[in-house]
Amino acid sequence: MRLRILLVNPWICDFAAYNLWARPLGLLKVAEFLSSFDAELMLIDCTDSFKARQYGTGRFRSEPIEKPDLLKGIPRLYKRYGISDEEFQEQVWAAQPVDIVLITSVMSYWYPGVQSVIERLRAMLGDVPVILGGIYPTLYPEHAARHSGADFIFKGPINAGLTFALSTFGFKLKRKRAPLHYYELDLYRSYPFAPLLTSTGCPFHCSYCASHLLYDHYSRRPPTEVLHEVRALYALGVRDYAFYDDALLIDAACHIKPVLRLIIGEGLNVRFHTPNGLHARYVDEELAWLLRKSNFITLRLSLETVNSERQKSTGGKVASVDIKHAVMQLKKQGFTKKELGAYLMYGLPGQYLEEVREGVAFLKSLGIRINLTEFSPLRGTGCWDDLVEQGIIDDDLDPLLTNNTVFSALHAGYDPGAIAALKLDVQRYNAS
């Protein structure tokens, strides 16, 4: 009999969540990898429950759940986002018989969703083995091994190690064909948007980012391969595409520029979005024109801070002058505050609120949207090591306490009223 593999994307458990072009691309890449073997694949996406709004984004269905003990003191409602318990159980019953389960995870502090899924699978499937992969077990393998309930912790990106993981449970995979793209598989369900990943990793090692921990090197796909994917998804009805790259604009002349020229040449009626911040220093006149011509609707630049010393100490990927130059080039091509914004971080180690205010004033002077983001420490990064060295956190800090909402409230040292007033000011500015 063919091996039957169930792939599961767990619920989100958090104080807030909104679907900004989020799909479990890592899990879909697992499906691609496994598609070359003699196995039957099934997928349950616990977050597949939202009402599409502008450009395919939307609000997840949610329900209040009990807070974990560590979060009892946070005066906010804690929720589970995604499908109902009943829907999950129905989909598990429909997938049976199941030989093995592969579960992904994204934010480390969402691990209660992983626990909930595994608990329910145990109750329904008995001793069917469970493999857990994704960002959470890669950054916190010991914690995942102790608390997730999974039988095997898979660290890092998908590779031949996955076949070894399966073999530890006695499953020998037989290769039967070249792998298929995830959107060619029977488990694929068409969405109003699709993720695009044209590269993995990042050549920068910013002290607040874990990209270099998740991928051991930076690599790019051929532009023609990216075009093929856009064409195929377009034929399935997709019109909105979100780039998931951490370093989309690096070496633009050899990568993103050829990609965009090919897409423009197709004459497709599509829209592109960059929920991940872009490296502003690589935006020149030609790239700005290509971004406009290919119909980028959502552009977000990475600023993080206007403090020049902090810009250097956190990785040196951008300076304020780079942001100014990029905004000038993009505005010359017709981009406005409606499409163009920048991420500004608050709560970085040692960052005073006045520095954040200066960043807000700087972005206002450029006339672009301001995306305030709360700092959340990632284990293994430079910022994490600094916080441990300073005695602010322990290296074994529970991932729940790295939640951006929680960590900022506990450790940023800002007056709650002052940060609330700043957020309101930014909100009003963005709406004007």
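A: A polar contact here is a pair of N or O atoms within 3.5 Å; within protein, one of the two must be able to donate a hydrogen and the other to accept it, and residues adjacent in sequence count only if both atoms are side-chain atoms. By that rule, the side chain of Thr-381 reaches the backbone oxygen of Ser-207 at 3.3 Å. This is a predicted model, in which local features need pLDDT of at least 70 and side-chain atom pairs count only at pLDDT 80 or more, while totals for chains, interfaces and linings use all residues. Residues are numbered from 1 along each chain as its sequence is written, and side-chain values use heavy atoms, with hydrogens and water left out.

Thr-381 sits in the loop between strand S18 (369-374) and helix H14 (382-389), where helices (H or I, at least four residues) and strands (E, at least two) are DSSP runs numbered from the N terminus. Its relative accessible area is 0%, so Thr-381 counts as buried; buried means under 20% relative accessible area, exposed over 50%, and partly exposed in between, with a 1.4 Å probe and protein chains only. When its neighbours within four places in sequence are left aside, Thr-381 is in contact (heavy atoms within 4.5 Å) with Ser-207, Tyr-208, Cys-209, Ala-210 and Leu-213.

His-273, in strand S15 (residues 271-273), is another residue with 0% relative accessibility and therefore counts as buried. The side chains of His-273 and Asp-240 are joined by a polar contact of 2.8 Å. Not counting residues up to four places away in sequence, His-273 touches Asp-240 as well as Trp-21, Tyr-55, Tyr-241, Ala-242, Phe-243, Ile-297 and Thr-298.

Arg-122, which belongs to helix H3 (residues 111-125), has 26% relative accessibility and so counts as partly exposed. With residues up to four places away in sequence not counted, Arg-122 touches Val-128, Val-130, Gly-149, Ala-150 and Asp-151.

The backbone also has some details to look at. Gln-96 and Pro-97 are joined by a cis peptide bond with omega of about 5°, and Pro-97 lies in the loop between helix H2 (85-95) and strand S8 (100-103). Asn-295 is a residue other than glycine with a positive phi, near 75°; it is placed in the loop between helix H10 (285-293) and strand S16 (296-304) and, at 29% relative accessibility, counts as partly exposed. Glu-304, also not a glycine, has a positive phi of about 75°, but Glu-304 is in strand S16 and is buried, with a relative accessible area of 7%.

As for the setting, the protein chain contains 16 helices and 18 strands, and of its 432 residues 54% count as buried. Among the contacts in the chain with a separation of 6 or more, 77% are between residues 24 or more positions apart. The C-alpha atoms fill a box of roughly 65 × 55 × 35 Å along the principal axes.
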